[in-house]
Structures are given as structure tokens and as C-alpha cells.
2 protein chains.
Amino acid sequence: MTLEYAILGLLSWQPFSGYDLKRIFEDSPVYHWSGNNNQIYRTLVNLHNEGLVERDIQQQESLPARKVYSLTPQGHNALRHWLNSTPSLPLRKHEFLIQLGWADQLSSAELDSLLSNYEDEVFALGLLVQASVKNPQLHPARTMRENLLWDSIAENWSGYYQYELEWVRNLRRQLQTLEV
Amino acid sequence: MTLEYAILGLLSWQPFSGYDLKRIFEDSPVYHWSGNNNQIYRTLVNLHNEGLVERDIQQQESLPARKVYSLTPQGHNALRHWLNSTPSLPLRKHEFLIQLGWADQLSSAELDSLLSNYEDEVFALGLLVQASVKNPQLHPARTMRENLLWDSIAENWSGYYQYELEWVRNLRRQLQTLEV
DNA sequence: CAGATCATGTAACTGGTTACATGATTCA
DNA sequence: TGAATCATGTAACCAGTTACATGATCTG
């Protein structure tokens, strides 16, 4: 389960509550794929049962208690083991390309509006991603090497949206020359 | 449900059996995300219940009957409606980038071996993708415009793996210069 | 006064994976 | 003789989404 390790990673940096984690997952495209409580809170309970994290309950007046989690030595081990395991390849679910595959049924106006919508959305998301991925609150930079790694992660994400944007612009241009 | 429309799309091209579809989904990165029977066979039953496809049962001697599905007029309508609906953005689940985010805990030998593994796998998959995405059996080319669309889909996929490959090579180079 | 933020959590669901089961035929 | 291909399907499970519930405090 990826989410488990994603959480272990973050906790190896600093202790967080479920709520903190939820916000990080929501805000960062790196952790894009789950920003929902249900899974996060349940995963924390599991990790706790497995002895990989420990929880510190901080009582607050007039707000529910914060449950702050941190790694146990076993948690550190589990993380380190995962870090050395063989990397998994990125998964892309690109629904739009499937849509496009049958879009010859559309008029050229409809098709271009579809592409222009896509272009706008990619552009907008690209800006968001660029902003959030550079947010120093979302990642550590304790050594020069760690800094380089996170820069490279940020570059991978923002570069990806750039790639997608150039691709759609190029396609629109090609379709226009076909039109004439 | 994306799978539903992906199937409607394919059936709008030509009739297929569940087994045919399963193989297409397995072979093509475009439909990467599900090559498993369970869902495909169940989805076909659903589509049939909804009246979007009709089935033609072809008895065979000594082999189970082939159930060949094709679109009904309602199926064509549903597809056309979806084609004109607002495009959805690509989803990337990039587990490796999360792994990398905490990889400063590894020795430089371990880190480089991780990256080199990743590079090899991306390279290999890139070749596969390039081959399968150009396979004319997996897509129609009935008009010049349709041809252009599918070329562009193929380019999006193979270009993506190229992008990922250049990214990892670049990172390895940067890490090496840091080392010295 | 309405809506966001802090902070926890649960219920019901959809989507997707892994593994199993059957059984004939072809190919190395 | 063992593996791959053709062709159907089911059972059990894991992962992820949407929506709900509570209740105080802060901000416009």
C-alpha cells in the first residue's frame, strides 16, 4: 500500500496529525491521489496497530484533541526497507486521450472547443502545481543532496504539465493546417 | 465510469467479444489501467442491461461460445454525448517520486542503483509502448483527421516515456557532479 | 450571519486487482 | 509433457471517493 509508505516518509521528516497529513495530501500534486480523510485516518490506525508509529494525544480546550503521530524505530526500518526496494513505474490514467480517439465523430468546431478546454485546464493546473510544488512547507531540505532531490521532483511535476500543454497546442496547430 | 466509455468507443469502431477487449486493454498503454476480466465482463453485462450494446452469440464446436458485442443506437448516443463532455485531466500516480523524496537516507551507491533501475525500466517500457501504440490493429484510421488524432495519441504516450527518461538521466548526472 | 478553519471520525459506495475455475486445442 | 491461446466467468479482496456527522472558533 503506497499510502502507508507515503505517510511513513512524511513522519520520518516530522510528526504530523491526521489533519496535517490530509492537508498536505490535498495541497501537493506529489501526493495528489489521496486527499481524503477516510483512508488517512484508517491508515494511521493501521500503522499504529502494526507498531510503526506512535501517537501523542495533545488535549486542547474547546477543540478536539490533536493526535500527533511519529515514527517508531520499527517504522524507520520499514521505511528504509521500502526506500531500497525496486522502484515502481508511474501510472497514468489519461481519459482524455481515449475521448480523443473517437472524437473524429465531432465537428471541427466541437473538436477544437474540446481541445481548447483541455488546454485551458492543463494550463491552470500547471500553474497550481508549480506553486505548490515549490512550497518549502511541503518538503524538507536538510542536505544539499536532499535539496537536489526535491528540486528534481518539483521539476518532474511542473515539466509534466508543460509537456502536456505543448502537446495539445501542437495538436491544435496541426488540426488547423488540416482544415485549410 | 471510464471503462464503460472506453468500451463504447471501441465498439463504435467494430464489434468485439469480451476476450478481444481484454486483449486490447492488456496490450495497449492507452487502456493500460484495466486489463482484467472481472471488470470487463461485468461492464459488458451492465452495458447490455442498460441497452447500450447488443450481443451476438456465436456457437463454436469444442470452444465456449463467443459473445460478440456491438453498439445499439442508444449506445451511439451515449458515446457521442460523452465525447462532447468536458475533458478530464490526466491522473498520474508517481510512487517513485515519493520514494525519491526520502531517499537522502540512502548511501550514494544505493541511490544511484535505485535511479539506474528506474532508468532501465522506463527505457524498456518506453520501447514496448512505442511498439504497441503504433500497432494499426489497435486503432482505426478511417479519415485523415482520425489518423492525425491517433498519431497524436501515440506521440503523447511515447513522448511521455521519453520525457521521464530524460528526466532521470539528468538527475543522475546532477547527482554525479554533486558527488565530486 | 455565513462560510472557512481546526479536528476528529464513519457509512456506503465505486473502481480495480489477484487469484481461481473450466476445458479444448495448438505448439515446442 | 508443459505452456500458451481461446473463451467464458466468479470470489475475495484492496484502494479510493463522496458524503455525512459533530462542534467550537475565527474572519469578512
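This is a predicted model: local features need pLDDT of at least 70, side-chain atom pairs count only at pLDDT 80 or more; totals for chains, interfaces and linings use all residues.
The contact draws 70 residues from chain B and 70 residues from chain A. The size of an interface is often given as the accessible area lost when the parts come together. Here, chain B and chain A bury about 7800 Å² between them. Carbon and sulfur atoms account for 61% of that area. On chain B, three residues stand out: Arg92(B), Trp102(B) and Arg145(B). Together they supply 12% of the area that chain B buries against chain A, more than any other three residues.

Between chain B and chain A, 38 residue pairs are in polar contact, counting pairs with both residues at pLDDT 80 or more. Several elements of chain B each supply at least two residues of the side that touches chain A. They are helix 1 (2-13), helix 4 (73-83), strand 4 (91-93), helix 5 (95-101), helix 6 (108-133) and helix 7 (144-179). Helix 7 of chain B gives the most, with 21 residues. By class, this side of chain B has 38 nonpolar, 20 polar and twelve charged residues.

Four salt bridges are found across the interface of chain B and chain A. Asp104(B) forms a salt bridge with Arg145(A). The closest N and O atoms of this pair are 2.8 Å apart.

The chains also pair through strands. Strand 4 of chain A, residues 91-93, is joined to strand 4 of chain B by three bridges. The two strands run antiparallel. Within this pairing, Lys93(A) stands opposite Leu91(B) in strand 4 of chain B.

How values were computed. Residues are numbered from 1 along each chain as its sequence is written. Chains are lettered from A and ligands numbered from 1 in the order in which they are written. Side-chain values use heavy atoms; hydrogens and water are left out. Contact means heavy atoms within 4.5 Å. Buried area is the accessible area (1.4 Å probe) that two parts lose on being put together, summed over both. A salt bridge is a side-chain nitrogen of Lys or Arg within 4 Å of a carboxyl oxygen of Asp or Glu. A polar contact is a pair of N or O atoms within 3.5 Å; within protein, one must be able to donate a hydrogen and the other to accept it, and residues adjacent in sequence count only if both atoms are side-chain atoms. Helices (H or I, at least four residues) and strands (E, at least two) are DSSP runs, numbered from the N terminus. Ala, Val, Leu, Ile, Met, Phe, Trp, Tyr, Cys and Pro count as nonpolar, Asp, Glu, Lys and Arg as charged, and the others, Gly among them, as polar. Two strands pair if DSSP finds at least two bridges between them.
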